[in-house]
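Colleague: Please show the model, and then let us discuss it by question and answer.

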Amino acid sequence: MKASTDNKNWGTSYGQLVWQQFSSSRLNKACLGFIIVLFTVAVLAPFIANDKPLVIRIGGKLHFPLFGALTANDYSVLLAAIIGVTLVFLFRRDSLRVDPFLRPAVMWRQISICAIILPAGIILLQVFIPRRLDATDYKAMTADGRATNAIFPAVPYGYGRTDIKNYQQPPSGRHWLGTDDVGSDVLCRLIHGTRISLSVGFVAVGISSVIGIIFGAIMGYFGGKIDFLGMRLLEIMMAVPTFFLIITIVAFFPRSLLNIMIIIGITSWTSDARFIRAEFFKLRNQDFVQAAISLGLPLRNILFRHMLPNGIAPVLVNVTFGVAGAIFIESALSFLGFGVAPPTPSWGQMLSAGVSTTGQFLWWLSFFPGLAIFFTVTAYNLLGEGLRDAIDPKLRKAV
Amino acid sequence: MTTYIIRRILLMIPTMLGITIMVFAISRIAPGDPVSLSMGPGGQLDAQRAADVRKARMALYGLDKPIHVQYAIWLKRVVKLDFGDSIKHHRPVIDLIAERLPVTITLNLISIVIIYVISIPLGILTAVRQGKFSDRASSVVLFMLWSLPSMWVGQMLIGYFCGPTFKHWFPPAGLSSNYADALPFFSWLADRLWHLALPVVCLSYSGFAYLTKQVRAGMLDNLRADYVRTARAKGLDNWTVIFRHAFRNSIIPVITIMATLLPAMIGGSVIIESIFSIPGMGRLAFEAITTRDYNVVMAVATTAGFLGLIGLLLADIAYAIADPRISFEKIE
């Protein structure tokens, strides 16, 4: 890595052009900001909404129950978030300091270092952090004076904690968004539900775009018989209404979060494949691809090192819409009762509790989770529209 | 034209075969087989007898044969429209589908007609008024409608308009009132429409927003084109230019959108029918999954695939009629 700080006039890259165009709209930036806030909430959920205090003094000794009660998953999420944020800052620093020709190599090295640290860290955390069940009622302890100096998180309720005495309470000062039919705090469950929605959106779309890119690249590059067979497969996948296909698979497979992510992923790759196929058709006959072929590069390199970076733009837009779609499908599945099991909060499943078995309409149980789904889906859709406008060369002003 | 349609229908056969392979594969890849499910842990039997019983049952259900033979047997029955019996209803699955399918098709047809009737004029209007306040306001509203989750809208509508808690303007469930069969025709129709109003609203608003956006975009492209300027320069009046020239040319994408709209709506009817307890195919699928009625699940998936294919076929035919440039002799 050579850092040449004296010459910074490298011109604007394609990415920078897109970013300039994208960030010229205040709405786009607001949506991006909203999604960043959502991610922050998802990562810090146990610190925002938890019935364990951050600090408490019991019998003259300081305790930190919240940190003790965090699971290995919580720590893994934190680790992943820290690595993600670090990567973003490293890339930004590189774009100022490193020569554009060296940038991809540097970037790959950083990504591969993180790709080693992350799984290793997660495995270590899963092994070394024991599952502690802390059933102490710290609030009762503070109330009757056994403990002092307690600092609770902003929403002092646990998402799995039931409180039958306070069930079906409308929003009030104690429970800002009310309580559900077992007395859990709606706001707290909403905050923890962010994790499910965002992770489903990301993992499902990750799976679908990897499948779609590989299929589309092979179809577009080879054409002919392979393309014909691939198109028939796509036709079959697209003929069955996606939601029916998904619930058919859900019916036969065990219901877990991971399965739902995989099912959404393997059923929604068709549009990615079609976009990439169309791009690769155009690229196949261009000089740089012909040069790469005549140099005898391995197929993997031709497809993914040389062609893919030039044809990825439409997929990027599709990915953003795909995240919105996956979040919607997950909520719909949970709404119908085919999603994650009840103690784990999910927006769709909370939404379905609004009309009780007696026909009573508990509006706060439906309204707030629905609003959360709506805002998230809208933000991703707006982001997709903004990105499409920024990437579409027809609309870009002459620079 | 006829040859085109016949050829198009013949092309559907391999795709339909592919759909049956996919449905069959899903049911067989899944962990656990029906025999282990029906036998349970089998505590009393000793190992030898359990194995024997297992073998006998496998033979009974034809599960001991190789997978492609099993598929052939299943396909032979499917072609004869025999999907087996429903475990929950103790009736042939095909009867259930025949009962439920018309409901879903009616619901979707009404919604599609409403979508097209409203969004085409609205799309033209907003395109003509591009940049004015009414255009910008409507595009914000349409965008929000497009992103609204249908289960939320359904739940809120039921809660506010069909329940004891707020207003009781609409019935919360079903297709008709208990006494509906005794009513004269027009009262019966009114009763049916009263029951269908909210589900149709839920099913159509998102497609309506999407189509309006597409009509607007297509119109804008054409209104900017040179031939429109020529038409105006000729001295034609504004609405003639818009309808005879610009709209005619932007109608083709409007038709092809049906091919994407229809599968989405059929999929969406699972949610809508479950919320409003409408005895259609979506609700049948929902009930079948909750009761693990696998014969019904497979039948519904196959039928849904068939419906999707029909939708694609209709869109293709409409496309061929609308665009005179398409030659009926060649298929790309």
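**Chain A, chain B and their interface**

Modeller: In this predicted model, 71% of the contacts in chain A between residues at least 6 apart in sequence join residues at least 24 apart.

Colleague: How many helices and strands does the secondary structure of chain A come to?

Modeller: The C-alpha atoms of chain A fill a box of roughly 80 × 55 × 45 Å along the principal axes. Of the 399 residues in chain A, 44% are buried. The secondary structure of this chain comes to 17 helices and 3 strands.

Colleague: Is A:Gln349 buried or exposed?

Modeller: A:Gln349 is found in helix H16 of chain A, residues 347–352. Leaving aside residues up to four places away in sequence, A:Gln349 touches several residues, among them A:Arg189, A:Phe335 and A:Pro342. Its relative accessibility is 14%, and the limit for burial is under 20%. A:Gln349 therefore counts as buried.

Colleague: At which residue does the kink in H8(B) lie?

Modeller: Helix H8 of chain B, residues 185–223, has 39 residues, and a straight helix of that length would span 57 Å at 1.5 Å a residue. The end C-alpha atoms of H8(B) span only 47 Å. A kink of about 40° lies shortly before the proline B:Pro199, at B:Leu196.

Colleague: What is the area buried between chain B and chain A?

Modeller: The size of an interface is often given as the accessible area lost when the parts come together. Here 51 residues of chain B are in contact with 43 residues of chain A. Carbon and sulfur atoms give 82% of the buried area, which is about 4100 Å².

Colleague: Which side chains meet in a salt bridge between chain B and chain A?

Modeller: Between the two chains, 7 residue pairs are in polar contact, both residues being at pLDDT 80 or more. The rule finds 1 salt bridge across this interface. At 3.2 Å from N to O, the side chains that meet are those of B:Lys213 and A:Glu385.

Colleague: Which element gives the largest share of the side of chain B that touches chain A?

Modeller: The elements of chain B that give two or more residues to that side include helix H1 (2–29), helix H10 (238–275) and helix H12 (294–322). The largest share is 10 residues, and it comes from H12(B).

Colleague: Which residues are joined into one network by salt bridges that share partners?

Modeller: A search of the whole structure finds 17 salt bridges over all chains. One of them is between the side chains of B:Arg283 and B:Glu287, at 3.4 Å from N to O. These two residues are both buried, and both lie in helix H11 of chain B, 4 residues apart, about one turn of the helix. Salt bridges that share partners join three residues into one network: A:Glu385, A:Arg388 and B:Lys213.

Colleague: By about how many helical turns are A:Glu279 and A:Lys282 separated?

Modeller: A:Glu279 forms a salt bridge with A:Lys282, with the closest N and O atoms 3.5 Å apart. A:Glu279 is buried at 18% relative accessibility, whereas A:Lys282 is exposed at 56%. Because they are 3 residues apart in helix H12 of chain A, residues 270–284, their separation is about one helical turn.

Colleague: What is the phi of B:His90?

Modeller: B:His90 is found in the loop between helix H4 (67–79) and helix H5 (93–128) of chain B. At 65% relative accessibility, B:His90 counts as exposed. Although B:His90 is not a glycine, its phi is positive, at about 55°.

How values were computed:
Residues are numbered from 1 along each chain as its sequence is written. Chains are lettered from A and ligands numbered from 1 in the order in which they are written. This is a predicted model: local features need pLDDT of at least 70, side-chain atom pairs count only at pLDDT 80 or more; totals for chains, interfaces and linings use all residues. Side-chain values use heavy atoms; hydrogens and water are left out. Buried means under 20% relative accessible area, exposed over 50%, partly exposed in between (1.4 Å probe, protein chains only). Contact means heavy atoms within 4.5 Å. The expected span of a helix is 1.5 Å times one less than its number of residues. The bend at a residue is the angle between axes fitted to the seven residues ending there and the seven starting there. Buried area is the accessible area (1.4 Å probe) that two parts lose on being put together, summed over both. A salt bridge is a side-chain nitrogen of Lys or Arg within 4 Å of a carboxyl oxygen of Asp or Glu. A polar contact is a pair of N or O atoms within 3.5 Å; within protein, one must be able to donate a hydrogen and the other to accept it, and residues adjacent in sequence count only if both atoms are side-chain atoms.
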